[in-house]
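Here's a quick briefing to read alongside the model. Have the viewer open and follow along.

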There are 2 protein chains.
Amino acid sequence: MEQFLQIPSIESKNRISNIQQLLINQCIDAALVSDNANKFYLSGRVFNGYVFIPAQGDAIFFVRRPVELSGDNIVYINKPENIADTLLQKGIDFPLSLGMELDLMPYAMVQRICKIFPNANISNLSSIMRQVRSVKSEYEIELLKLSGKKHAATYSQIPNLYRPNMTDLEFQVEIERTSRLEGCLGQFRISGDSMEIYMGNLICGENADAPSPYDFAMGGAGMHPSLPVGCNGTTITPGMAIMVDLNGNYTGYTTDMSRVFSVGTLDGLSTKAHECSRRICRELSLMGTPGVEAKALYNRAIEIVNEEGLADLFMGHRQKASFIGHGVGIEINESPVIAPRSRDILAVGNVIALEPKFVIPGIGAVGIENTYVVTEQGMVSITLAPEEIISLD
Amino acid sequence: MEQFLQIPSIESKNRISNIQQLLINQCIDAALVSDNANKFYLSGRVFNGYVFIPAQGDAIFFVRRPVELSGDNIVYINKPENIADTLLQKGIDFPLSLGMELDLMPYAMVQRICKIFPNANISNLSSIMRQVRSVKSEYEIELLKLSGKKHAATYSQIPNLYRPNMTDLEFQVEIERTSRLEGCLGQFRISGDSMEIYMGNLICGENADAPSPYDFAMGGAGMHPSLPVGCNGTTITPGMAIMVDLNGNYTGYTTDMSRVFSVGTLDGLSTKAHECSRRICRELSLMGTPGVEAKALYNRAIEIVNEEGLADLFMGHRQKASFIGHGVGIEINESPVIAPRSRDILAVGNVIALEPKFVIPGIGAVGIENTYVVTEQGMVSITLAPEEIISLD
């Protein structure tokens, strides 16, 4: 029989214990975890079922599918109502206050769970899960570093994939293929329904300025209004900036990295803005030590951009993004968020993608994105690839 | 300025009017639609915002992003609370009963909306949306037919992509590339979080019998426990059945089609089971006229399988799927569902994927999947490609 846990037992125990500490602090008796990303965090696998975490004692993994797994504290169920039977059998007190991921869990599902625990007040577990997951363990950081290496290896092959007169889509498809053969899992996890992306985006020329439904600096019109983001069939011509922002999910943990390519030489404004992005990343990575407020990083970026007279183009032009960086890990939109009203404070083990980008109308988008680990000494990049604009000629 | 509506105005009006009819029948004053698939259904585009549909009168499209769209009944908002201001300005009565997609909408979001309409009872709009979307218009059927043609064109190229000693992943990546160049949007829509798939699956050999977290006949272990479905790195060898089930989202409307390929000749049991699948599809497509119960199709399939002595292998082996077919359209899991306890009744305009498949331990999965349109004369396939096992030699 296959083992249920797909991460070291101590990892699972530590993660659960960190959640339990916050449950106790917030006087929540137990948590019922149902989100796939959170279940993967707790067990190292995605399964159909729930994780029941009492504030004290062992967590129970309630599994519906896949069949035939073995391990400690695994209980097979057919439906969530079976959870109650197990708690009764094991003599575990029913919680009087129950935490669930209310930012994600559908209303009807919460109602169904409430009927199983009719005496429980419900509280929102979402921020606890975000907080715990925002501090990565050494084990998780190794997985992120491995993703970063493979991500960089994929990007290093991009110049070989370009052929004159390609469209943005054709170029992206060749990069997708290379990325997949390098081990990219393709799909990457996004919390909630705030964005929908296939693999990532390659955007060039005027398309970088097309507004999207999502909170992105560069939208891109996309190939179809059902997935209105990314490349739109533009033929790549000399003088365009080609922004490549494809996901780095090679290990279940995603790095986020963007680089700019060009055919021919870019104009002075684009080059200046690209160097400004590199400067912002350099300064913010030195500034980003534990205890620093996330919003202070944002504010410093704005200062630099104003100093260089590039505010109109920063983080979008016709439509602007509201942040310059975000936590990454199992999902692409984790904490901390580097935004003006963020309340997050940097801690050792945060993993943050910084993406100070500029949209240059008619040319494309420029700037870099790297993924950094927060250490006592500042933010250390794990997406090590050349940062200058890379010529495809 | 770009037009908001990306479908003919009459399509949008008819779809809204069909929903209004059901709102009136169920005594619901208004609906607030927030799910991306449903918003795409009503407008032909994905946007960040809401559609407010009063039981009588014009719907209002509340848009947050993208910026700069124009059209009738479009109101830009910064946050959902602005909806109330607009209703007041327009003199529209606040609903006393409000329908929302409670099967999908996160609990916290529903709570936030409830504060905007404190006097409204809430009811579940999910089944109304499923019901309306299950009957496709001629316009939608044309989009599905176009997807079916492109889907078949992609599959026709599969034999050219095979090279000896390929792994299942390498083979799938070449098909993904071909599919993307043929116009596949890559991502396809799945309602809820019941499954997670990247592009679709190619499964061969013993891997077809690996149980998955999802309600699938064939799971496949996947390349990583964070995405435990599909190919697992198996080297393709003679005698294996190679099941290709890649998505057909070429138009925002997805066809679903599976075909089996082989290197060398398959054994007698596999061939027999494959022919049984074709027989089931033939019989059920003739039987599937308007007014027929979905469960009657399921029951007839089971009869055929029992008659042929193949029940142990039908719809999975170590783990079985609970259905043999499902509606498709904007999403891959629509109504009607062809399952033993389904209450759905076939209607003209339903579009249904039938996928009676068999898992042959050690060999792979066999059987076909086609997408059918329900007509007065029965179910007509729109995924027209050879159905026999296709040799790669």
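**Quick tour of the predicted model**

B:Thr375 stands opposite B:Gly378, which sits in S20(B). Keep in mind that this is a predicted model.

**The five-stranded sheet in chain B**

- Strand S19 (residues 370-375) of chain B runs antiparallel to S20(B), and four bridges join the two.
- Both belong to an open sheet of five strands in chain B, ordered S15-S14-S16-S19-S20, with antiparallel pairing.
- At the edges you'll find strand S15 (334-338) and strand S20 (378-381) of chain B, each pairing on one side only.
- Ignoring direction, neighbouring strands here are turned by 30° against each other on average.
- Helix H5 (residues 126-134) of chain B packs on this sheet, where it touches strand S14 (325-327) and S15 of chain B. The direction of H5 makes about 80° with that of S15(B).
- Helix H9 (residues 268-287) of chain B packs on the sheet too, touching strand S16 (351-354), S19 and S20 of chain B. For H9, the angle to the direction of S20(B) is about 130°.

**The six-stranded sheet in chain A**

- Over in chain A, six strands make an open sheet with mixed pairing, in the order S6-S4-S3-S2-S7-S8.
- Strand S6 (74-76) and strand S8 (121-124) of chain A have a single partner strand each, so one side of each is left without a neighbour in the sheet.
- From one strand to the next, the twist averages 25°.
- Strand S4 (residues 60-65) of chain A pairs with S6(A) in the parallel sense, over three bridges. A:Phe61 has A:Ile74 in S6(A) as its bridge partner.
- H1(A) lies across strand S2 (30-33), strand S3 (48-54) and strand S7 (97-100) of chain A, and runs at about 55° to S3(A).

- Contact between them involves eleven residues of domain 1 of chain A and eleven residues of domain 2 of chain A.
- On the domain 1 side of that contact, helix H1 (9-25), helix H2 (36-43) and helix H5 (126-134) of chain A each supply at least two residues.
- By class, that side of domain 1 of chain A has five nonpolar, two polar and four charged residues.

**How chains A and B go together**

- 47 residues of chain B are in contact with 47 residues of chain A.
- Helix H2 (36-43), helix H4 (107-116) and helix H8 (168-181) of chain B each give at least two residues to the side of chain B that touches chain A. H8(B) supplies the largest share, five residues.
- The chain B side divides into 24 nonpolar, 13 polar and ten charged residues.
- What superposes chain B on chain A? A rotation of 180° with 0.0 Å of shift along its axis does it, at an RMSD of 0.0 Å. That is the relation of a two-fold axis.
- The same surface serves both copies, as 100% of the contact residues of chain B recur in chain A.

**One residue to look at**

- A:Glu303 lies in helix H10 (residues 294-307) of chain A.
- Is A:Glu303 buried or exposed? A:Glu303 is exposed, because 12 other C-beta atoms lie within 10 Å and the cut-off for exposed is 12 or fewer.
- A:Glu303 and A:Ile280 are 23 residues apart in sequence, and 9.7 Å apart in space from C-alpha to C-alpha.

Definitions and conventions. Residues numbered from 1 in each chain as written. Chains lettered and ligands numbered in written order. Predicted model: local features only at pLDDT ≥ 70, side-chain atom pairs only at ≥ 80, totals over all residues. Contact = placed C-beta atoms within 7 Å. Nonpolar A, V, L, I, M, F, W, Y, C, P; charged D, E, K, R; others polar. Buried ≥ 20, exposed ≤ 12 C-beta atoms within 10 Å, placed from the backbone. Least-squares fit on C-alpha atoms with pLDDT ≥ 70 in both. Pairing = 2+ DSSP bridges. Axes fitted to C-alpha atoms, helices over the stretch in contact; angles between N-to-C directions.
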